[in-house]
Amino acid sequence: MFVKAGISLWEGGGADRMEPAKGQAMETMLRSVAMSGYFDVTRRLGLNPVELVQQLGIDPAALANPDDRVSATACCRLLELTADKVSCPTFALQMAETRQKFGTGVMNVLLAHKRTLREVLLAAAEFRHLLNEALAVYILARHSSALLGEYWKPRAVHFTHRGPADLTFHRRFFGCPLEFGSDFNGFVCAAAGLDYPNPASDPELVRYAESLATPLNVAGADSIALEVRKAIYLLLPVEQASVERVARHLRLSVRTMQRQLGSANTSFSALVDEVRRELAVRYISNPRYPIGRVAALLGYNQQGSFTNWFTSQFGMTPRDWRNSQVK
């Protein structure tokens with residue numbers, strides 16, 4: 001039996017949502033420790049990291065301090081800019097390679113000393129509000145390897161994006177078959193591997209870390225839109241992304257969820273359309289997916305209904321949109 005694991009465990013604390021000026025969107029912030037290794041790898045590749053950081057409007061001192069908060073969007077742009085300047089598509093992987101093990105923060109102690117990888121993943125889901133929202137498969141690979149050592153043997157690693165021309169570094173880093181252009185980011189591994197004992201397991205340390213983390217594990221009022229979006233992503237492919245199902249998934253009443261979304265200046269239907277648009281572009285861009293399959297993944301049991309929705313959103317049919325991307 002095989003399972004998919006698509007959650008990543010950033011080393012360090014969770015992401016915050018910066019209060020915006022009136023009329024602006026909420027901005028996701030993450031701890032600078034998530035960018036660990038950036039300065040070293042950038043210098044090794046012959047660039048000046050301080051100049052690049054300042055070019056994106058990031059305070060170099062904040063990025064160097066692992067406990068400071070920085071814009072997740074700016075950090076993503078920084079990684080893309082740096083990788084482009086050095087013509088190095090494996091830049092982020094080289095950063096991840098510098099991270100050898102779990103850190104010493106409360107969440108890292110909690111995760112590093114769970115009994116199995118399955119418990120680690122479940123705890124990461126439970127304490128998701130204290131983990132950075134920016135996800136990366138390579139961090140999951142690093143932490144899983146640190147946890148299980150030679151017993152971490154994934155069957156394959158999947159990416160939704162296209163692979164680079166040279167896969168040498170990827171093959172060495174992941175040590176398993178690579179699947180690009182997939183419908184998810186994550187690993188396929190034997191279910192039994194999730195239950196292999198963690199040699200560093202320490203239930204007392206876990207209980208202590210949980211006692212510190214639990215009072216902090218509360219979603220802010222401004223994070224409700226993100227939580228609803230995540231639930232919609234999970235439930236759309238199985239045709240269960242109704243307002244009732246999503247509210248139940250989040251352990252909220254429909255009325256409470258709608259009220260909180262209203263306070264965040266959005267609505268459930270608006271979020272469903274946002275998620276559908278993002279996934280539609282991802283799936284239609286992948287020629288391996290028939291249009292009917294894309295319709296089903298977006299929660300439509302009739303291809304005609306999906307075509308009508310897609311045309312209203314993008315101004316052309318799914319097939320015409322796909323053909324326009326090929327040219």
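I call a residue buried under 20% relative accessible area, exposed over 50%, and partly exposed in between (1.4 Å probe, protein chains only). The model is predicted, so I took local features only at pLDDT of at least 70 and side-chain atom pairs only at pLDDT 80 or more, while totals for chains, interfaces and linings use all residues. Residues are numbered from 1 along each chain as its sequence is written, and side-chain values use heavy atoms, with hydrogens and water left out.

Entry: salt bridges. I count a side-chain nitrogen of Lys or Arg within 4 Å of a carboxyl oxygen of Asp or Glu. The structure holds 6 of them.

I looked up R229 first. R229 is buried, because its relative accessible area is 17%. Its side chain meets that of E278 in a salt bridge, 2.8 Å from N to O. R229 lies in helix 11 (residues 224-235) and E278 in helix 14 (residues 268-284), so the pair ties together parts 49 residues apart in sequence. Helices here are DSSP runs (H or I, at least four residues), as are strands (E, at least two), numbered from the N terminus. E278 is partly exposed at 38%. Shared partners join R229, E274 and E278 into one network of salt bridges.

Next I checked D195 and R118. They form a salt bridge at 2.7 Å, N to O. D195 sits in the loop between strand 7 (186-190) and helix 10, R118 in helix 7 (residues 117-126), 77 residues apart. D195 is partly exposed at 40%, and R118 is partly exposed at 31%.

Last, I noted E119 with R115: the closest N and O atoms are 2.5 Å apart. R115 counts as exposed at 52%.
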